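Morning, everyone. I'll take the sheet to begin with, then the ligand. Please have a look at the screen.

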Amino acid sequence: MSFSNDPVSIVASAGSRPTASQSVSGALGAATAQRAARSTAEYRALDAAHHIHPFSDMGALNRVGSRVITRAEGVYLWDSDGHKIIDGMAGLWCVNVGYARKELAEVAYRQMLELPFYNTFFKTTHPPVIELSALLAEVTPPGFNHFFYCNSGSEGNDTVLRVVWQYWRVKGQASKKYVISRNNGYHGSTIAGATLGGMDYMHEQMPSKVEHIVHIDQPYWYGNGGDLSPEAFSRQCAQQLEAKILELGAENVAAFIGEPFQGAGGVIFPAATYWPEIERICRKYDILLVADEVIGGFGRTGEWFAHQYFDFKPDLITMAKGLTSGYVPMGAVGIQDHVAQAIVENGEFNHGLTYSGHPVAAAVAVANLRLLRDGGIVDRVKNDVGPYFQQSLRDALATSPIVGDISGAGLVAGIQLAQSKGDAHGVGRQRFANGGDVGTICRDFCFGSDLIMRATGDRMLLSPPLVVTRAEIDELVSKAARAIDLTAKKIGVQG
Ligand code: PXG
């Protein structure tokens with residue numbers, strides 16, 4: 001197969017488009033025209049023959065064939081059959097600045113010509129990683145002045161473990177090894193990431209896991225809170241951390257890690273009582289607090305980082321996804337001064353990846369962060385489109401007989417499908433016995449109406465690009481409401 005890979009022609013053709021300041025869709029369109037030379041059937045046959053997809057039952061998938069996405073612009077995707085699809089998931093929670101941003105393509109192109117790669121081992125550095133580190137120190141909360149780079153969120157959490165263990169080692173407290181995480185948390189799919197995560201179905205396929213990682217319960221009130229108020233239940237979940245620390249002995253516990261809100265686990269927002277209690281317990285027992293900001297970071301909740309939304313102060317933050325808006329892979333760990341000092345001033349830190357601080361990824365990240373900050377994108381999520389999205393969703397679903405609860409802030413939401421809502425406080429609420437099936441039915445209705453809304457069990461998730469307009473939110477919300485309505489009808493629940 002041959003298609004032009006001459007970046008000069010890509011930039012030139014983008015420059016001739018009327019929307020050139022924001023988009024490279026012309027260039028992508030040209031490339032796509034050639035890539036789409038194959039029919040959907042041909043793509044599917046080749047894909048089935050040679051490609052193993054992540055987290056997929058390949059036998060089942062190959063029998064029906066994958067959707068082939070060929071191009072994207074703003075908040076829209078196009079598939080190989082020409083369908084225009086509104087992307088309610090920002091790719092995979094990552095395309096924060098939207099698709100087809102000319103600024104990012106140009107930066108990557110220029111960086112590839114100037115310095116496509118050099119490593120940051122062996123007493124060497126380069127301008128993009130220097131600029132990125134300085135900029136991250138500006139956009140992260142005070143005290144985050146040091147950053148270690150990798151290629152993904154999973155590697156970020158591997159890095160977190162290395163930093164945490166090294167920290168306690170050089171502090172002379174090497175017995176502090178245990179890292180406490182949560183059931184139904186998601187921290188990636190390397191062996192360490194999957195061990196940190198609390199997904200049983202992942203653990204089942206692993207004969208061995210990383211040692212010294214244990215789990216406590218998630219603060220999932222709708223499913224597990226019984227008749228407690230969300231606030232009381234969240235506090236109780238947080239207190240499990242204290243019980244676990246006492247069980248293990250504080251002298252053996254290194255860190256607690258959690259997503260400020262659980263993303264892949266279902267956009268589960270704890271009540272306001274949760275994080276202050278977790279923070280209090282970590283401080284009381286001298287345990288590092290790690291916020292996994294891979295989904296929550298870079299404006300998703302309307303704050304730069306989700307821990308700012310929940311108002312707590314972690315010692316480490318894991319970042320990926322929105323760091324580059326997914327245009328190129330990159331992950332990072334932000335380290336508070338007191339931890340960084342211990343790492344920096346105590347000999348060699350034996351960890352690194354060939355592509356740590358990759359110059360193209362770093363250059364794209366810098367351009368992306370400037371768009372998010374100087375382009376006012378994060379501010380807009382907080383003050384305009386975020387509140388509009390949250391209100392629209394609640395208004396549209398208020399009368400749905402199968403929506404039990406909506407959680408979220410900014411441009412992320414989790415919609416709980418339920419058999420019965422219970423009273424005004426949710427007391428007596430009832431989940432579907434076959435919740436996963438109901439979620440799948442709803443997801444299929446979304447698929448059929450060219451909306452991407454993710455299902456996880458009985459929760460429907462939305463997390464659109466942060467550049468989504470009010471009109472696009474209207475489209476997203478009405479399509480989501482219609483899919484939920486069709487689901488209710490299909491399973492025979494009347495409004
Ligand atoms: N931490 C969190 C909180 C994540 O959401 C990772 C770490 C791992 O990042 P990488 O870049 O290694 O994938 C993630 C990833 C889903 C889904 O189905 C979510 C993720 C990845 C794949 C699928 O919601 N999150």
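This is a predicted model. Start with the open sheet. It has seven strands, in the order β4-β10-β9-β8-β7-β5-β6, and the pairing is mixed. What stands at the edges? β4, residues 144-150, and β6, residues 213-216. Each has a single partner strand, so one side of each has no neighbour in the sheet. From one strand to the next, the twist averages 25°.

Now pick out one pair. β5 covers residues 178-182, and β7 covers residues 253-258. These two run parallel, joined by three bridges. Take Y178 as an example: its bridge partner in β7 is V253. Helix α12, residues 230-248, packs on the sheet here. α12 touches β5, β6 and β7. Its direction makes about 145° with that of β6.

On to the ligand. How many residues surround it? The count is 16, and the closest are W93, G153, S154, D292 and R454. By class, that shell has six nonpolar, six polar and four charged residues.

Where does the shell come from? α5, at 90-93, and α8, at 153-170, each supply at least two of its residues. α8 gives the largest share, with three.

Next, some distances. A backbone N or O atom of G153 lies 2.9 Å from a ligand oxygen. The side chain of D292 has an N or O atom 2.7 Å from a ligand nitrogen. For R454, a side-chain N or O atom is 2.5 Å from an oxygen of the ligand. On its own, the ligand has 540 Å² of accessible area, and the protein covers 83% of that.

That's my tour. Thanks.

Note on methods
Residues are numbered from 1 along each chain as its sequence is written. This is a predicted model: local features need pLDDT of at least 70, side-chain atom pairs count only at pLDDT 80 or more; totals for chains, interfaces and linings use all residues. Side-chain values use heavy atoms; hydrogens and water are left out. A residue is near a molecule or strand if one of its heavy atoms lies within 4 Å of it. A polar contact is a pair of N or O atoms within 3.5 Å; within protein, one must be able to donate a hydrogen and the other to accept it, and residues adjacent in sequence count only if both atoms are side-chain atoms. Accessible areas come from the Shrake-Rupley method with a 1.4 Å probe; for residues, only the protein chains shown count as cover. Helices (H or I, at least four residues) and strands (E, at least two) are DSSP runs, numbered from the N terminus. Ala, Val, Leu, Ile, Met, Phe, Trp, Tyr, Cys and Pro count as nonpolar, Asp, Glu, Lys and Arg as charged, and the others, Gly among them, as polar. Two strands pair if DSSP finds at least two bridges between them. Axes are lines fitted to C-alpha atoms, for helices over the stretch in contact, and angles run from 0 to 180 degrees between N-to-C directions. Contact means heavy atoms within 4.5 Å.
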